Amino acid sequence: MRPPADFRRPAWLEWLRRHIWVLAFVVGAVSITALRCSGRLRHVPEAPEVMFELPSDYSLVDHLGRPFEPQTLRGKVWVAGFVFTSCPSSCPAVTRAMDELRQRFDRYGVDVEMVSFTVDPEHDTPEVLAAHFAALGVDSEHWRFVTGDPAAVQRLVRHGFKLGIGNREADEQGVAYDIAHSTKLALVDGNGGVRGLYSISDEHGTDEIFERAQHVLAEMERGR
């Protein structure tokens, strides 16, 4: 049955008809926000499990001559990489990956430290590392290049991080040399627990470290 020709809807009903979709959107947004605030829709991904613990007795030094020991980054989440300054092969890629991560952490205010361990401590003294650091144009208080006694460095890499490290191998002319070592990045929690080893050759490798580091940070915050 049609309404009479002179029938007029009440003003409020006409307004509701015109704005029904806007109202539906507002009600939905408010409801979702309320649920999130109550925690019902909040999902915090689980942090990766501890794979193994770093030793509690190493004593190294960074590019500024400051001690680097287990307590140096106690309570901090950090990412470790392994390079050496005269590396002719994989090290630039490792450093680029770490630099990209450092910039992302800084951009989003994620409190994660970076540590590059040299696998050639006989050559890479703190002075050499400091010059290398400056040449790279790295400008961050949250990134250390670390060296130390050769035996101590090898022990930490091999038995602490459980990664391979070889000896110097000269080229055919005996001029340049390489040192076989892992290009993986290690994610370490505030207690020295290694939470993961990630390949930089994987296109999603640094993305995974970036996300996982935040999960470990969230876990630490919940535990405080």
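Guide: Helices (H or I, at least four residues) and strands (E, at least two) are DSSP runs, numbered from the N terminus. This is a predicted model, where local features need pLDDT of at least 70 and side-chain atom pairs 80 or more, while totals for chains, interfaces and linings use all residues. Residues are numbered from 1 along each chain, and side-chain values use heavy atoms, without hydrogens or water.

Visitor: How many helices and strands does the secondary structure of the chain come to?

Guide: The chain has 224 residues. Its secondary structure comes to five helices and ten strands.

Visitor: What percentage of the residues of the chain count as buried?

Guide: Buried means under 20% relative accessible area, with a 1.4 Å probe and protein chains only. Of the 224 residues, the share that passes is 38%.

Visitor: Which helix gives the most to the lining of the largest pocket?

Guide: A pocket is an open set of points on a 1 Å grid over the protein atoms alone, where a 1.4 Å probe fits, with protein on both sides within 12 Å along at least five of seven lines; lining residues have an atom within 4 Å of a point. Five lining residues of the largest pocket come from residues 91-107, the top contribution, and that run is helix 2.

Visitor: Is Leu-156 buried or exposed?

Guide: Leu-156 sits in helix 4, residues 150-160. Its relative accessible area is 2%, so Leu-156 is buried.

Visitor: Which residues touch Leu-156, not counting residues up to four places away in sequence?

Guide: Contact means heavy atoms within 4.5 Å. Phe-117 is 39 residues from Leu-156 in sequence, yet their C-alpha atoms are 9.8 Å apart in space. The residues touching Leu-156 beyond four places are Pro-55, Tyr-58, Leu-60, Phe-117 and Phe-161.

Visitor: Within what arc do the buried residues of helix 4 fall?

Guide: Ala-152, Val-153, Leu-156, Val-157 and Gly-160 are buried in helix 4. They line one face of the helix, because, seen down its axis, they fall within an arc (directions from the helix axis to the C-beta atoms) of 125 degrees.

Visitor: Which residue follows helix 4, with a positive phi?

Guide: Helix 4 covers residues 150-160. The phi of the residue after the helix is near 60 degrees, and that residue is Lys-162.

Visitor: Which residues does Thr-206 touch, not counting residues up to four places away in sequence?

Guide: Thr-206 belongs to helix 5, residues 205-223. Its relative accessible area is 15%, so Thr-206 counts as buried. Beyond four places in sequence, Thr-206 touches Ala-97, Leu-101 and Arg-104.

Methods
Buried < 20%, exposed > 50% of the residue type's maximum accessible area, 1.4 Å probe, protein only.
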